[in-house]
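Please open the model in a viewer and keep the selection tool at hand.

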Amino acid sequence: MLKFNGKIHPHCGPCGEPLWKSDRVHTDTMFEQIQHVDCFTFQPKYIKDTGTFGEIVSRHPIYI
Ligand SMILES: [Zn+2]
């Protein structure tokens with residue numbers, strides 16, 4: 001299991017791959033998860049935020 005700042009590295013639910021700073025991701029309004037843009041499994045109306053993983057965690061440190 002990859003570690004990130006001493007914690008388990010955040011990963012994308014659908015594909016299970018670790019999320020890297022340059023990956024394009026969506027967060028969702030229902031489960032507060034991060035998923036790759038290409039893996040997003042919910043309807044577009046549930047997209048909360050979009051950006052690179054690095055941008056998202058700088059705005060929402062809850063995700064790391
Ligand atoms: Zn993914």
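Begin by selecting valine 25 in this predicted model. Leaving aside residues up to four places away in sequence, valine 25 touches Leu19, Ile34, Gln35, His36, Val37, Gly51, Thr52, Phe53 and Ile56.

Glutamine 35 lies in strand β4, which covers residues 34–36. Is glutamine 35 buried or exposed? Glutamine 35 counts as buried because 21 C-beta neighbours are found inside 10 Å, and the threshold for a buried residue is 20 or more.

Which residues does glutamine 35 touch, not counting those up to four places away in sequence? They are Cys12, Gly13, Pro14, Val25, His26, Phe40 and Thr41. Then select proline 10 together with glutamine 35: the two are 25 residues apart along the chain, and their C-alpha atoms are separated by 9.9 Å.

Finally, select the whole protein chain and colour it by secondary structure. The protein chain has 64 residues, of which 14% count as buried. Among contacts in the chain between residues at least 6 apart in sequence, 36% join residues at least 24 apart.

Methods. Residues numbered from 1 in each chain as written. Predicted model: local features only at pLDDT ≥ 70, side-chain atom pairs only at ≥ 80, totals over all residues. Contact = placed C-beta atoms within 7 Å. Helix = DSSP H or I, 4+ residues; strand = E, 2+ residues; numbered from the N terminus. Buried ≥ 20, exposed ≤ 12 C-beta atoms within 10 Å, placed from the backbone.
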